[in-house]
Amino acid sequence: HATEQLKQKGNPLYRLLKVIDFEMFRLEAEENMLNHDKKSNVGAKPIDVVLMFKLLILQRLYNISDEMLEEQIIDRQSFKDFLRLSSGDKVPDARTIWLFKNSVIEKGLEKILFEQFVTFIS
């Protein structure tokens with residue numbers, strides 16, 4: 001099975017999944033990213049902040065654009081596994097990725113989250 005071969009060859013995404021509980025980033029991300037002043041629950045449900053942070057990690061690891069990231073998530077099983085997405089799950093589109101990334105940068109959260117991430121894997 002191809003996924004098992006990737007795991008055995010040491011694909012870095014599978015190693016990261018083994019050593020990091022990405023839930024540790026949830027509190028910081030949700031406190032800073034979610035709109036807590038919403039007056040109603042009408043409209044699209046926000047995409048999970050931990051999933052979105054993992055997208056930013058993929059972008060940095062592979063140095064790819066928002067558009068290419070969207071394509072790679074659809075195409076690569078290792079990306080889907082890293083994001084915990086199944087084949088039929090909705091993949092965030094390039095615009096959603098771009099909006100999230102810019103919001104994270106504007107709020108100064110990018111530095112905080114990536115410092116936590118780097119500290120943890122060091």
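**Exercise 1. Work out the order of elements from the N terminus on.**

Solution. Start at the N terminus and read along: the elements run α-α-α-α-α-α-α-α. Next, count by type: the protein has eight helices and zero strands. Here helices (H or I, at least four residues) and strands (E, at least two) are DSSP runs, numbered from the N terminus. Keep in mind that this is a predicted model, where local features need pLDDT of at least 70, side-chain atom pairs count only at pLDDT 80 or more, and totals for chains, interfaces and linings use all residues. Residues are numbered from 1 along each chain as its sequence is written, and side-chain values use heavy atoms, with hydrogens and water left out.

**Exercise 2. Find L55, decide whether L55 is buried or exposed, and list what L55 touches.**

Solution. First, go to helix 4 (residues 49-62), where L55 lies. Then check its accessibility: L55 counts as buried because its relative accessibility is 0%. The cut-offs are under 20% relative accessible area for buried, over 50% for exposed, and partly exposed in between (1.4 Å probe, protein chains only). Now for the neighbours: leaving out residues up to four places away in sequence, L55 touches L69, I73, L83, P92 and I97. Contact means heavy atoms within 4.5 Å. Finally, look at F79: its C-alpha atom is 9.0 Å from that of L55, and the two are 24 residues apart along the chain.
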